[in-house]
Amino acid sequence: MAAVACCWSYLVVVATVVLPLLLLGVIGVSRAQLLQVGFYSDSCPDAEATVAAAVQDAAANDPTILPALLRLQFHDCFVKGCDASVLIRSASNDAEVDNGRNQGLRGQEVVDAAKAQLEDQCPGVVSCADIIALAARDAVAMTGGPSFDVPTGRRDGLTSNLRDADVLPDAGDSISVLRSRFAASGLDDRDLVLLTAAHTVGTTACFFVKDRLYGYPLPGGGRGADPSIPAPYLAELKARCPPGNLNARLPLDRGSGSGFDDSILRNIRSGLAVIASDAALASSNATRALVDAYLQGPSARRFQRDFAAAMVKMGSIGVVTGEDAGEVRDVCSAFNAS
Ligand code: HEM
């Protein structure tokens with residue numbers, strides 16, 4: 001009888017406590033859970049400070065490197081997970097970075113500089129994937145965004161193929177395409193809205209705006225300007241990006257300077273987005289409602305807190321962890337010699 005009672009209570013615990021927690025992912029078995037805040041606290045105690053100093057040094061010479069580092073993490077994590085595959089350089093130009101979707105990607109030299117110092121301090125310990133994640137975190141804080149802990153322990157991946165980067169979102173993607181690209185990385189509508197708000201900092205080349213201004217397919221045939229752009233704003237955008245000038249740059253967050261704030265969401269809501277994928281967030285009820293929610297009341301702190309959480313979530317996409325998987329590269333731009 002005692003044995004029956006014991007098994008019964010065991011089953012009750014499994015059914016009422018363990019299964020729901022597993023379903024919620026609270027005690028999941030995913031590899032991402034092996035990431036931990038302070039992973040290097042024993043093996044390389046100054047790792048995080050060294051990365052922060054490298055970012056600070058680079059930003060002292062060129063503050064535009066901060067947004068570039070934030071973008072670098074997005075482009076790393078969306079393609080086969082956060083494994084530094086975006087840093088691999090290929091003599092035959094067939095690595096991820098060579099894909100057109102990575103056009104204009106910058107900041108790799110900051111990761112290389114941090115890595116070189118870390119190899120002096122603690123050889124073979126700190127992965128390039130973690131340096132990317134830490135540098136992006138530091139870039140957010142240094143532009144006036146939230147400060148937050150980043151779990152570490154990623155290992156570097158062993159492949160980097162040009163075509164793999166086709167999965168990266170494109171500036172011309174519709175809201176449904178953006179949603180499905182984010183969903184493929186385990187990210188939902190809220191993550192899409194929050195992470196797109198990273199465009200509060202940084203600039204875009206006119207290359208990514210030209211189709212909205214001159215190449216939008218018009219209902220009556222032919223091509224012209226996206227009709228959703230308010231007329232005075234269209235004139236402003238055309239003045240900044242005249243036909244044929246693809247390299248001129250303009251801020252992604254109109255009129256808000258280079259600091260991190262929520263004005264990008266206000267701009268999206270008012271039809272003043274710069275690139276089409278940002279404007280697309282106002283085109284579905286669900287994402288528009290999320291944008292509105294972050295703009296209501298004393299929202300700035302909630303936006304910053306949730307942005308930080310979304311960054312941590314993005315930073316755990318498809319991570320490689322554990323001694324038996326991947327490697328810690330000697331140099332971030334090349335796989336280790338076998
Ligand atoms: C939703 C899909 C996204 C699309 C289609 C997209 C597209 C773009 C484009 C076209 C640029 C301009 C690139 C250039 O001309 O140098 C850009 C810049 C940037 N993106 Fe995104 N992006 C997306 C999501 C994200 C995410 C999730 C993040 C980070 C969390 C991010 C961070 C940035 C930053 C910080 C810049 C400015 C880079 C600089 O100034 O050097 N983007 N993005």
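This is a predicted model: local features need pLDDT of at least 70, side-chain atom pairs count only at pLDDT 80 or more; totals for chains, interfaces and linings use all residues.
**Entry 1: the chain as a whole**

I began with the overall make-up of the chain, in which I counted 13 helices and four strands. Of the 338 residues in the chain, 46% are buried. I then looked up the contacts with a separation of 6 or more, and 73% of them are accounted for by residues 24 or more positions apart.

**Entry 2: helix 4 against helix 5**

I turned next to helix 4, which spans residues 108–121, and helix 5, which spans residues 128–142; the two pack at an angle of about 120° and their axes are 10 Å apart. That angle makes helix 4 oblique to helix 5, given that the roughly perpendicular range runs from 65 to 115 degrees. I noted the handedness of the crossing of helix 4 and helix 5 as right-handed. On the side of helix 4 the contact is made by Val111, Ala114, Lys115 and Leu118, and on the side of helix 5 by Cys128, Ile131 and Ile132. Sorted by class, this contact of helix 4 with helix 5 has six nonpolar residues, one charged residue and no polar ones.

**Entry 3: Ser127, in the loop between these helices**

I looked up Ser127, which sits in the loop between helix 4 and helix 5. Is Ser127 buried or exposed? I find Ser127 buried, because its relative accessible area is 0%, where under 20% is the cut-off for that label. Once neighbours within four places in sequence are set aside, Ser127 is in contact with Tyr40, Arg154, Arg155, Asp156 and Val328.

Thr152 counts as buried, because its relative accessibility is 0%, whereas Gly172 counts as exposed, because its relative accessibility is 58%. What does Thr152 touch, if residues up to four places away in sequence are not counted? I listed Leu34, Leu35, Gln36, Val37, Gly38, Phe39 and Tyr40, together with Glu48, Asp130 and Leu134.

**Entry 4: helix 7 and what covers it**

I then examined helix 7, which is mostly covered, with six of its eight residues buried. The buried residues in helix 7 are Asp191, Leu192, Val193, Leu194, Leu195 and Thr196. I asked which helices the buried residues of helix 7 pack against. They pack against helix 6, helix 10 (263–269), helix 11 (276–279), helix 12 (285–295) and helix 13 (300–314).

I followed up the packing of helix 7 with helix 12, for which the angle is about 55° and the axes are 9 Å apart. The two helices are therefore oblique to each other, and helix 7 passes helix 12 in a right-handed crossing. Helix 7 makes this contact through Asp189, Arg190, Leu192, Val193 and Leu194, and helix 12 through Ala286, Thr287, Leu290, Val291 and Tyr294. By class, the contact of helix 7 with helix 12 has seven nonpolar, two charged and one polar residues.

**Entry 5: the iron donor**

Which residue is the protein donor of the iron atom of the ligand? I find that His199, through NE2 at 2.1 Å, is the only protein donor of the iron atom of the ligand. His199 itself is placed in the loop between helix 7 (189–196) and strand 1 (203–205).

Last, I looked up backbone angles at two residues. Lys80, which is not a glycine, has a positive phi of about 60°, and Ala84, also a residue other than glycine, has a positive phi near 65°. Lys80 is in the loop between helix 3 (65–77) and helix 4, and the place of Ala84 is likewise in the loop between helix 3 and helix 4. As for exposure, I noted Lys80 as exposed, because its relative accessible area is 53%, while Ala84 is buried, because its relative accessible area is 0%.

Key: Residues are numbered from 1 along each chain as its sequence is written. Side-chain values use heavy atoms; hydrogens and water are left out. Axes are lines fitted to C-alpha atoms, for helices over the stretch in contact, and angles run from 0 to 180 degrees between N-to-C directions. Angles under 35 degrees count as roughly parallel, over 145 as roughly antiparallel, 65 to 115 as roughly perpendicular and the rest as oblique. A crossing is left-handed if the near helix is turned anticlockwise from the far one by less than a right angle, and right-handed if clockwise. Contact means heavy atoms within 4.5 Å. Ala, Val, Leu, Ile, Met, Phe, Trp, Tyr, Cys and Pro count as nonpolar, Asp, Glu, Lys and Arg as charged, and the others, Gly among them, as polar. Buried means under 20% relative accessible area, exposed over 50%, partly exposed in between (1.4 Å probe, protein chains only). Donors are N, O and S atoms within 2.8 Å of the metal (3.2 Å for Na, K and Ca); water is not among the atoms, so sites may look incomplete.
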